[in-house]
Protein chains: 2
Amino acid sequence: MAEGVRAAPVDKRRAILDAAVRVFARQGYHSTRVADIADEAGVAYGLVYHYFRSKEAVMTELFTERWSLLLDASDALYEGDLPPREKLSGIARFIIDSYRHDPELMKVIIVEVTRAANSFGATHLPEIRRAYDVVSRIVADGQRDGVYREEVDPDFVGMWFYGAIEQLLSGWVFGLIPATDEEFERAGAMVVETLCCGLERRDGT
Amino acid sequence: MAEGVRAAPVDKRRAILDAAVRVFARQGYHSTRVADIADEAGVAYGLVYHYFRSKEAVMTELFTERWSLLLDASDALYEGDLPPREKLSGIARFIIDSYRHDPELMKVIIVEVTRAANSFGATHLPEIRRAYDVVSRIVADGQRDGVYREEVDPDFVGMWFYGAIEQLLSGWVFGLIPATDEEFERAGAMVVETLCCGLERRDGT
DNA sequence: TGCGGTAGATTGACTGGTCAATCAACCGCC
DNA sequence: GGCGGTTGATTGACCAGTCAATCTACCGCA
């Protein structure tokens with residue numbers, strides 16, 4: 001009775017979220033007014049407030065929806081018994097594919113949340129750190145198994161890993177790097193390759 | 001005649017800049033009002049507009065002052081004939097020392113400019129890219145000299161390098177990592193060590 | 001089958017507050 | 001007396017969030 005009877009409302013809510021992604025990607029969070037979102041969604045101003053408590057809540061919803069996918073994928077990868085390099089590679093690939101699949105949403109998440117340490121980054125720090133944490137644990141396991149050198153702090157690596165990948169995505173977002181399918185493939189492989197080589201034990205070390 | 005005769009004006013200008021650093025670091029650029037800067041500097045509201053065209057101009061001045069130091073240091077390092085690893089290490093150290101020497105200013109630059117791709121990051125992209133570029137050139141030289149593997153795109157490395165270091169600084173800025181002198185040393189060494197190892201040619205490769 | 005009744009969806013004008021920037025006046029030294 | 005430095009009240013734009021009104025779809029009852 002409660003679910004599925006009225007279809008329209010769900011669509012409008014979705015329309016608002018989708019519109020918000022487009023507008024945030026185009027103008028940035030701070031310089032989009034709520035009216036812009038409503039216009040883009042073809043909906044009255046007030047309706048945004050019917051579905052969301054505030055402009056901020058719209059952003060939070062967008063972030064949480066997507067980030068939880070990343071977290072789930074990371075956890076699944078961690079639980080599996082692939083070699084560490086493959087796990088890291090899987091995470092990198094997931095992020096890059098997310099970008100390939102929906103560049104505007106990823107642009108918004110990176111620019112306005114993940115790298116926006118003063119605004120949303122602060123609010124969502126715990127969830128963001130959870131993602132770093134999976135990487136740290138993969139590296140720590142690698143060290144325990146003697147694959148990775150021990151002098152490197154796993155927590156640092158978690159941060160570098162994301163720092164490097166986000167910077168890469170930023171390169172695409174702002175057109176500093178060509179965003180062809182080929183480049184996407186190469187880039188992901190390269191980050192992991194380089195990072196892993198740096199982490200692995202060497203003959204003499 | 002021009003310099004040093006009237007001391008007061010210069011001091012007030014400086015006081016405004018220094019106050020701005022403190023306030024921006026504390027509250028972030030967007031939520032500091034010009035009145036906050038004036039108050040912190042112990043100066044009348046209007047005087048800020050006497051010395052700077054706008055609130056944005058204050059931020060720009062802060063960024064440019066410091067970033068040009070980094071650029072100069074990078075160029076000097078690049079021109080020298082140290083091995084590539086030492087050059088990269090020098091850049092990393094310079095950035096980390098900048099943070100150690102003036103954490104508030106570096107916090108502001110990283111949070112509000114370097115990683116704020118939507119606001120100031122966009123405005124100052126050219127200068128920011130110049131810094132990446134030096135790293136790219138060092139890597140490219142390393143490849144030419146057969147020290148670094150060739151499959152890695154130097155432009156990517158420039159971005160990773162900064163991505164990783166900024167993420168590290170963010171760790172300190174937001175207290176995710178202990179910010180002791182010892183940690184500063186370790187961290188810088190580790191970034192370069194890991195990155196360089198990843199870049200270097202291996203026996204079989 | 002038709003008729004109020006109700007809940008939720010939808011609308012957009014309006015309010016209240018915030019703040020960057022301006023400006024006219026003032027001060028004190030040469 | 002004039003000029004650079006200094007003051008802070010004022011202005012005017014901007015915008016998130018509110019709210020009262022309207023609309024639509026469905027329900028139960030006769």
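**Entry 1: α10 of chain B**

I started with helix α10 of chain B, residues 181–199. The helix has 19 residues and reaches 28 Å from its first C-alpha to its last, close to the 27 Å expected at 1.5 Å a residue. I note here that the model is predicted.

Next I looked up burial. The buried residues of α10(B) are B:A187, B:G188, B:V191, B:V192, B:T194, B:L195, B:C196, B:G198 and B:L199.

**Entry 2: chain B against chain A**

I found 30 residues of chain B in contact with 31 residues of chain A. On the chain B side, α9 and α10 each supply at least two residues. Which helix gives the most to this side? It is α9(B), with 12 residues. I also looked up the classes: the side of chain B that touches chain A has 17 nonpolar, 9 polar and 4 charged residues.

**Entry 3: α4 of chain A**

I moved to α4(A), residues 55–79. This helix has 25 residues. Its first and last C-alpha atoms are 37 Å apart, close to the 36 Å expected at 1.5 Å a residue. The residues I found buried in α4(A) are A:V58, A:M59, A:L62, A:F63 and A:S74.

**Entry 4: α4 with α6 in chain A**

I then took the packing of α4(A) with α6(A), residues 103–114. The angle is about 110°, and the axes are 10 Å apart. Angles of 65 to 115 degrees count as roughly perpendicular, so α4(A) and α6(A) are roughly perpendicular to each other. Their crossing is left-handed.

I listed the contact residues. α4(A) brings A:M59, A:L62, A:F63 and A:R66. α6(A) brings A:L105, A:V108, A:I109, A:E112 and A:V113. By class, I get 7 nonpolar, no polar and 2 charged residues. Of the α4(A) residues in this contact, I had already noted A:M59, A:L62 and A:F63 as buried.

**Entry 5: α4 with α6 in chain B**

I looked up the pair in chain B, α4 (residues 55–79) and α6 (residues 103–114). Their axes come within 10 Å and cross at roughly 110°. α4(B) and α6(B) are therefore roughly perpendicular to each other.

In α4(B), B:M59, B:L62, B:F63 and B:R66 meet B:L105, B:V108, B:I109, B:E112 and B:V113 in α6(B). I recorded 7 nonpolar, no polar and 2 charged residues for this contact.

Conventions. Residues are numbered from 1 along each chain as its sequence is written. Chains are lettered from A and ligands numbered from 1 in the order in which they are written. This is a predicted model: local features need pLDDT of at least 70, side-chain atom pairs count only at pLDDT 80 or more; totals for chains, interfaces and linings use all residues. Axes are lines fitted to C-alpha atoms, for helices over the stretch in contact, and angles run from 0 to 180 degrees between N-to-C directions. Helices (H or I, at least four residues) and strands (E, at least two) are DSSP runs, numbered from the N terminus. Angles under 35 degrees count as roughly parallel, over 145 as roughly antiparallel, 65 to 115 as roughly perpendicular and the rest as oblique. A crossing is left-handed if the near helix is turned anticlockwise from the far one by less than a right angle, and right-handed if clockwise. Two residues are in contact if their C-beta atoms, placed from the backbone, lie within 7 Å. Ala, Val, Leu, Ile, Met, Phe, Trp, Tyr, Cys and Pro count as nonpolar, Asp, Glu, Lys and Arg as charged, and the others, Gly among them, as polar. The expected span of a helix is 1.5 Å times one less than its number of residues. A residue is buried if 20 or more other C-beta atoms lie within 10 Å of its own, exposed if 12 or fewer, and partly exposed in between; C-beta atoms are placed from the backbone.
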